[in-house]
Amino acid sequence: MKLLGISGTIIGAKTGIVVRKVLDEVKKKYPDIDVELLDMMDYDVQFCDGRDPLTYSDDTRKVIEKVSNADFYIIGTPIFQGSIPGVLKNLFDLVHPDAFRNKVMGFVANGGTYQHFLVIENQLKPIAGYFRAFVAPSYVYANSDHFNRENEIVDADLLQRISLLGDEVVHMQKSLKISIAEAAE
């Protein structure tokens, strides 16, 4: 099983740090899970314009392929102006909705105020619902206060929630895989 962590921004470090931490927890506890980080900072992705995915640039096609081939996800986003950045929305637009169908998504977000966690509830969960994905009941929201000056996570409660989210997505994905196998028999 392949868990893809997505850092859905091209600016800042905190989103990637939190996504990596969830992936590290999964690697540590579940060595049988293949984990990979898709950091959108590492790719020059074109804007979605509805064309055949094969006609996009190499980077854009690579990103679409990585997302489409994953079994489940940790999706991370900063919150800017009370919303997700265009980088993440563009990624959702580029990938065919069927690629997410019946797959598990866990969400992490970070922002400058404590109220921005609501973006997970009001934007990310409805997007997952549109994709017919399964959403982990927990999510992780990090505020600037949870990090030290070196951008290390220093909040014990946040670290516990990160670990719990990793456990939840793995448990959900394994259970889903068993259910699908039993239904096929």
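Analyst: Happy to. In H1, the buried residues are Thr15, Gly16, Val18, Val19, Val22, Leu23, Glu25 and Val26. Please keep in mind that this is a predicted model.

User: What do the buried residues of H1 pack against?

Analyst: Their partners are strands E1 (2-7), E2 (34-39), E3, E4 (104-111) and E6 (140-143), along with helix H5 (156-184).

User: And how does the span of H1 compare with what its 16 residues should give?

Analyst: It agrees: at 1.5 Å a residue, helix H1 (residues 14-29) should span 22 Å, and its end C-alpha atoms are 23 Å apart.

User: Let's zoom in on Thr15. What does it touch?

Analyst: Leaving aside residues up to four places away in sequence, Thr15 touches Ser7, Gly8, Thr9, Gly76, Thr77, Pro78 and Asn110. Thr15 has a relative accessible area of 4%, so it counts as buried.

User: Thr77 is on that list. Where is Thr77, and is it buried or exposed?

Analyst: Thr77 is in strand E3 (residues 72-78). Thr77 is buried, because its relative accessibility is 0%. Its contacts beyond four places in sequence include Gly8, Thr15, Ile84, Pro85 and Leu88. Val108, Ala109, Asn110 and Leu124 are also touched by Thr77.

User: Switching to charges: how many salt bridges are there?

Analyst: The structure holds 14 salt bridges. Lys28 and Glu25 are 3 residues apart, about one turn of the helix.

User: Are Lys28 and Glu25 buried or exposed?

Analyst: One of each. Lys28 counts as exposed at 60% relative accessibility, while Glu25 is buried with a relative accessible area of 11%.

User: Which residues are linked in a network of salt bridges?

Analyst: Lys2, Asp34, Glu36 and Lys66 are. Asp34 bridges to Lys2, with the closest N and O atoms 3.6 Å apart. Asp34 lies in strand E2 and Lys2 in strand E1, so this pair ties together parts that are 32 residues apart in sequence. Glu36 and Lys66 meet at 2.5 Å, N to O. That pair also links distant parts of the chain, with Glu36 in strand E2 and Lys66 in helix H2, 30 residues apart.

User: How about the surface? Which residues make the nonpolar patch?

Analyst: Ile10, Ile11, Met41 and Phe80 make a nonpolar surface patch of about 390 Å². Met41 is in the loop between E2 and helix H2 (58-69), and at 37% relative accessibility Met41 counts as partly exposed.

User: Which residues have a positive phi without being a glycine?

Analyst: Gln81 is one, with a phi of about 50 degrees, and Arg132 is another, at about 65 degrees. Gln81 is in the loop between E3 and helix H3 (86-94), and at 81% relative accessibility Gln81 counts as exposed. Arg132 lies in the loop between helix H4 (118-131) and strand E5 (134-135).

How values were computed:
Residues numbered from 1 in each chain as written. Predicted model: local features only at pLDDT ≥ 70, side-chain atom pairs only at ≥ 80, totals over all residues. Heavy atoms only, no water. Helix = DSSP H or I, 4+ residues; strand = E, 2+ residues; numbered from the N terminus. Buried < 20%, exposed > 50% of the residue type's maximum accessible area, 1.4 Å probe, protein only. Contact = heavy atoms within 4.5 Å. Expected span 1.5 Å × (residues − 1). Patch = residues over 30% accessible without salt bridge, like charges linked within 9 Å, V, L, I, M, F, W, Y side chains within 5 Å. Areas by Shrake-Rupley, 256 points an atom, 1.4 Å probe, with all protein chains shown as cover. Salt bridge = Lys/Arg side-chain N within 4 Å of Asp/Glu carboxyl O.
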